[in-house]
Amino acid sequence: MFRNQYDTDVTTWSPAGRLFQVEYAMEAVKQGSAAIGLRSKTHVVLGCVNKANSELSSHQKKIFKVDDHIGVAIAGLTADGRVLSRYMRNECINYNFTYESPLPVGRLVVQLADKAQVCTQRSWKRPYGVGLLVAGLDESGAHLYYNCPSGNYFEYQAFAIGSRSQAAKTYLERRFENFTDSSRDDLVKDAITAIRETLQGETLKSSICTIAVVGIGEPFHILDQGTVQQIIDTFEIAAEQEGPAAEPDAAEQSAAAADQGGSTDEGVAPMDI
Amino acid sequence: MNFMASKQPENSLLGPEADSQRTLYPYVTGTSVVALKYKDGILMAADMGGSYGSTLRYKSVERMKPIGKHSLLGASGEISDFQEILRYLDELILYDNMWDDGNSLGPKEVHNYLTRVMYNRRNKFNPLWNSLVLGGVKNGQKYLGTVSMIGVNFEDNHVATGFGNHLARPILRQEWHENLSYEDGVRLLEKCMRVLLYRDRSAINKLQIAKITEEGMTISQPYSLKTYWEFSAFANPAQGAVGTW
């Protein structure tokens, strides 16, 4: 009811104790194209949907290598994401120069969250409009974090952000208990499957998705298109064989996805994601 | 000629900066530190002397200190600069602990931090007049390194500062091997410290040996080494070369 009166400044509270500008920033994340992450004890996999605007253009970069042991996938205002990635790379380089040791991902995530919080408490700033899935290694193993425009951060076994991420989340919720002990290759397969869930029946091709892996003994790198297409091909074959059993599942998911798909069209600022 | 001393012309615009001087020479100094890797971690030895020029002024100076959970720092050179370094490291470890996450700075990180500090001071022509030895164990990995006042740093299986480089390192090069037992390590360090006691005029016969392993750091109570002065060559030192001492 009061939303319009208290949403001009990020430094204005609403009577209900909310900061609407921050919440609007989180909306921007929901409008971005999907990004997912999942982790085992030793590896973390990030994936995202990359749709190019037209056949003539290249797609936007949504996964960034921050250091050999840290990478990030973004959803929302990709320009904000790019700037934050540069900040993260800088922090990692500076730490490495002083200590000759990799910056623990847990600390980078806190620094990132503190940076986001500043923008929620300055009248001349606006919150970053990007959600970040940070994948990295620490002394204590592999980690996946989600950084919010609000300045909050959470650790996850698996997570999905962006448009139609609910479909991916549902898939991940069913399977996450197995992830800790998954092999690296199974983890990648699960990531690709989760991405497929967000596509709502559209054909999954390596040209519209990007997958990146980081693990103990494996520096962060983006898998090349050929490798990804091969993996997609292996389970298209498996899916055909499974065919009839899979259909009831698919019907449920497309119903859930359609609900989300409906709300995304309702007059929120059209972002060029 | 001291080109670094501030001789200001009367109409200088430098202001307060001109009144302080960069470090020109040390005042109270400690002599060699010797350290080696052994089976379970690092052993380090240093005597407890603080010389004021040629006077052995202070005889209970602890020149080795633990840093955080995993490291041990030994220093020779200006004692007040060593204390300043301990203050820097105290703050470093404090902030590291304040993160309160599972991570902690290990000996490698502390060593590199110290290298940055020493090198940056050297670049400003205002060095911390120390040679440092940094040893420690973390997650089963042993680490031993050294940094000098001009920022030269390296790691090795055995290191020493000052006179230790000339007198102790040759002994260590001959007799050090992997997986020394604790007793053998101590014996080897004592051999080095004895030679330094005989030949380094700023050494005193009161030393400590510190040990750091995965479990933690211990530092011995001060003790002295047995010395032998009855070598026949000492009896009449001028015999072969008149005028010698």
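**Figure 1. The loop of chain B that holds B:N179, in a predicted model.** B:N179 is found in the loop that runs between α3 (163–175) and α4 (182–199) of chain B. Its phi is near 60°, a positive value in a residue other than glycine. For comparison, most residues other than glycine have a negative phi.

**Figure 2. The loop of chain A that holds A:Q200.** In chain A, the loop between α5 (184–198) and β9 (209–215) contains A:Q200, a residue that has a positive phi of about 55° although it is not a glycine.

**Figure 3. The contact between chain A and chain B.** In this view, 12 residues of chain A are in contact with 14 residues of chain B. Between them the two chains bury about 1,200 Å², with 48% of that area on carbon and sulfur atoms. On the side of chain A, the residues that lose the most area to chain B are A:Y99, A:R107 and A:E139, which together account for 53% of what that side buries.

**Figure 4. Polar and charged pairs between chain A and chain B.** The predicted model has 4 salt bridges between chain A and chain B, and the count of residue pairs in polar contact between these chains, both residues being at pLDDT 80 or more, is 8. One of the salt bridges joins B:K108 to A:E100, with the closest N and O atoms 4.0 Å apart.

**Figure 5. The side of chain A that touches chain B.** The elements giving two or more residues to this side are α2 (78–99) and α3 (105–118) of chain A, and α2(A) gives the most, with 4 residues. By residue class, the side of chain A that touches chain B divides into 5 nonpolar, 3 polar and 4 charged residues.

**Figure 6. Residues 6–28 of chain A, a span annotated in UniProt.** An unreviewed UniProt entry places the feature "domain: Proteasome alpha-type subunits" at residues 6–28 of chain A, an annotation that may be inferred rather than shown by experiment. In the predicted model, the end C-alpha atoms of residues 6–28 of chain A lie 19 Å apart, and the span is 39% helix and 0% strand.

Notes
Residues are numbered from 1 along each chain as its sequence is written. Chains are lettered from A and ligands numbered from 1 in the order in which they are written. This is a predicted model: local features need pLDDT of at least 70, side-chain atom pairs count only at pLDDT 80 or more; totals for chains, interfaces and linings use all residues. Side-chain values use heavy atoms; hydrogens and water are left out. Contact means heavy atoms within 4.5 Å. Buried area is the accessible area (1.4 Å probe) that two parts lose on being put together, summed over both. A salt bridge is a side-chain nitrogen of Lys or Arg within 4 Å of a carboxyl oxygen of Asp or Glu. A polar contact is a pair of N or O atoms within 3.5 Å; within protein, one must be able to donate a hydrogen and the other to accept it, and residues adjacent in sequence count only if both atoms are side-chain atoms. Ala, Val, Leu, Ile, Met, Phe, Trp, Tyr, Cys and Pro count as nonpolar, Asp, Glu, Lys and Arg as charged, and the others, Gly among them, as polar.
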